[in-house]
Amino acid sequence: MDLRLDATVFDYSFVVVYLFFVIAIGVVTKRKVLTSEDYFLSGRSLPAWICALAFLSANIGATELIGMAANGSQYGLATVHYYWIGAVPAMVFLGLIMMPFYYGSKVRSVPEYLRLRFNRSTHMYQSVVFAVATILVAGINLFALALLINVLIGWPLWASIIAAAGVVLLYTTMGGLTATMYNEVLQFFIIVAFLVPLTVGGLIRVGGIDGLLEALRTNAVLGENGLSVWGGTGLGNTTNPYGNWIALLLGMGFVNSFGYWTTNFTEVQRALSAKDMSAARRTPIIAAIPKMLLPAIIIMPGLVAAVLVPELAEGELEYNEALPALIGRVMPAGLVGLALAALIAAFMAGMAANVSSFNTVVTYDLWQTYIRKGRSDAYYLRIGRKLTVGGVLVAVGAAFIAAEFRNIQDYIQLLQSIFNAPLFATFVLGMFWKRMSGPAGLWGLVAGAAGAAGVQIAYSNGLWEFNSQQAASFTGSGMAFVFDLAVSVLVTLRTAPKPVEELDGLVWGRTKMAVKGSYPAPDLHRAAIQAERERVAEGRPLTWWENPWPLGIAVMAVLVILNLTVG
């Protein structure tokens, strides 16, 4: 089936204008990059709303748009679990509980926290694992965009990959994280501007929400279970594509979700760039507000495609092609260019986020720590720019691995179960149990990855049956968490703990931070009291929306209401 769009010169002008602004942002922000911290962490100077939109946009890559539309078409309304169970609670937890450790200790990356909390072996292992996983995910974004451009306008895959990677390389090399984050804000608004008319136009064609639900029922495209969020999650008769409610809450909602949102440096890096502690903690909480609403314009097109594109159910099209197929049938003349610009923006948001976190971890956590110590700051700035080039080139190769999966969300969840789930277990235990030893950090991570990989091997060889590849990944995540905790406890009981005085600012209950990370960090308690006194003296007490706790509680209350009313 030919999905090619009839793009005109006017349509291509949208793309040209967008690319002009992207590169211009890179040129302007380059002037502000004077140190390595400017390049890798924006000098820790950005306001909360910029960090929040960049935090959100870094996750809305081409894989999000294609993958969630594919899930909507293949699995139905239950896909909203990825947002309401698999994202928002973890984002709030990151802001309220974990950001004080990250931001207050002045670490420059998530692996650097592991070096301070555990030991160098744990740090090196996780730095290498993160670098590999990040490049694989960057490759997914690259393949996703190349696939779309190939399908929609006929460019060969190799040409699409090289052209798109070249633009990302240009502005990330020049402006570093600042250029990346300001572009992510721009990309977020362009993506929304594309998704809203696509969703509305699709709903009009199927007779609105009621018409869509009726069509899905009568045509048996998805069936009743596809029209329910929590339907089919019972333990006795599990028909939900994501498994029973235990697998959902433990695998997706706890291990996978918290493992991704609270320990993935690609996301945490945006909050670390905030101007102060309050802004850093509010970054993921503010981002959670639009995150709750995104299913209406990201998953809904997939549901519409299940009706308007019968070739999906018939097997003539892959589910990964649900979104491009819908664009061709719904987007009116003159807005095709907006769709192309938005899809390119989605790709750039995802890939640039991964490249910026990759070059930070490899520069600081591997190169500076183990390969070339004690060099000048200018030297590490140069290395960071070179590693950006190297990361993009490796991602180009990794793009072709993603081509092996019919649904790229299958691939993403598989990677998360192996790489992210064990890391969250180590963080939870390490932050809240002072006794946990340094060697336990390393061996817990190794055991967790082995547990998740074991589930995937059993599923691939028919030894363990699941309703879908993603259900297998959620179970693998739960297994990784359990293996990590069990091995960490056993190793801790047989090894010496780290001296408690070395844990200030790194574990719960010890907040006095003298010197942590690579630079001196403040005594957070004293600094917070002083800042509050100054605000009160000036007649500027914190409003409730500037306080992370009331804001986080309000977000969770709305989330509960959504699950009760829609589920």
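This is a predicted model: local features need pLDDT of at least 70, side-chain atom pairs count only at pLDDT 80 or more; totals for chains, interfaces and linings use all residues.

Tutor: Let's start with Lys 291, which forms a salt bridge with Glu 64, their closest N and O atoms being 3.5 Å apart. A salt bridge here is a side-chain nitrogen of Lys or Arg within 4 Å of a carboxyl oxygen of Asp or Glu. Residues are numbered from 1 along each chain as its sequence is written, and side-chain values use heavy atoms, with hydrogens and water left out.

Now, back to our pair: Lys 291 sits in helix α13 (residues 277-293) and Glu 64 in helix α4 (residues 62-75), so distant parts of the chain, 227 residues apart, get linked. Helices are DSSP runs (H or I, at least four residues), numbered from the N terminus. Lys 291 is buried, at a relative accessible area of 1%, and Glu 64 is buried too, at 6%. Buried means under 20% relative accessible area, exposed over 50%, and partly exposed in between (1.4 Å probe, protein chains only).

Next, find Glu 112 and Arg 108, whose side chains meet in a salt bridge at 3.2 Å, N to O. Glu 112 is buried at 2% relative accessibility, and Arg 108 is buried at 4%. Arg 115 joins these two in a network of salt bridges. By this rule, the count comes to 6 salt bridges.

Terms used. Helices (H or I, at least four residues) and strands (E, at least two) are DSSP runs, numbered from the N terminus.
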